[in-house]
Amino acid sequence: MRFSTTVPTDPDTHEDFQPTNKLESSGLSLKDIVEQDVKDNSVMIYMKGEPALPRCGFSSLAVKVLREYKVPLAARNILEDPELKSAVKAFSYSSSSGTVFVDAFVVANSVVVERMLEGETDSNWPTFPQIFIKGEFVGGSDIILNMHKTGELKEMLKGIGAADAE
């Protein structure tokens, strides 16, 4: 028997037992959900999988780096809703307040950077995970790792939970 996350339309299955999309049933738009997540959580990560079980190496790396600081970490799995992924990408771009954080491979491609600065976005950018700290879009796993190495991440996380004890 194969396992599946979808249930075929079965007239014998009562609606109480059919899977639901928690985001859809909240009554909020995806933009509002992302905005609320970032506002309510000092460290918010949109990732593939969950912190306990990341579904890609970049998400796993980001979680490992952030856990070094023992800060409360909120997360959403973007694989559960493709529309959430698009909403996060749009929010990340719009919330960078004039500062554009880019992944290392994007810096090497000046055409992509030029398009970003002109307001055009590539459907494959930004990459995931997307990390927000104190309401500010910071970037992905490579940015977090670099900030960890330089000490910038420790400074940015000051005032959040156990990061003060570090």
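Start with the whole protein chain of this predicted model and think about its contacts: among those with a separation of 6 or more, 64% come from residues 24 or more positions apart.

Now color by secondary structure. You'll get 7 helices and 6 strands. Walk along from the N terminus and the order reads α-β-β-β-α-β-α-α-α-β-β-α-α.

The protein chain exposes about 10,400 Å², with carbon and sulfur atoms supplying 52% of that. And how much of the chain counts as buried? Of its 166 residues, 36% do.

Time to zoom in. Select helix α2, residues 57–67. Show the side chains of Ser59, Ser60, Ala62, Val63, Val65 and Leu66: these are buried. In an α-helix, residues three or four places apart point the same way, because there are 3.6 residues a turn.

Keep α2 on screen, then pick out Ile131, Ile133, Val138, Ile144, Leu153 and Leu157. Within the largest nonpolar core, which has 19 residues, these touch the most other members. Two or more residues of this core come from each of β1, α2, β5, α6 and α7. Which element gives the largest share? That's α2, with 4 residues.

For your last stop, select Val38, Ile78, Phe132 and Phe137. They belong to a second, separate core of 15 residues.

How values were computed. Residues are numbered from 1 along each chain as its sequence is written. This is a predicted model: local features need pLDDT of at least 70, side-chain atom pairs count only at pLDDT 80 or more; totals for chains, interfaces and linings use all residues. Side-chain values use heavy atoms; hydrogens and water are left out. Buried means under 20% relative accessible area, exposed over 50%, partly exposed in between (1.4 Å probe, protein chains only). A nonpolar core is a set of buried Ala, Val, Leu, Ile, Met, Phe, Trp, Tyr and Cys residues joined through side-chain atoms within 4.5 Å. Contact means heavy atoms within 4.5 Å. Accessible areas come from the Shrake-Rupley method with a 1.4 Å probe; for residues, only the protein chains shown count as cover.
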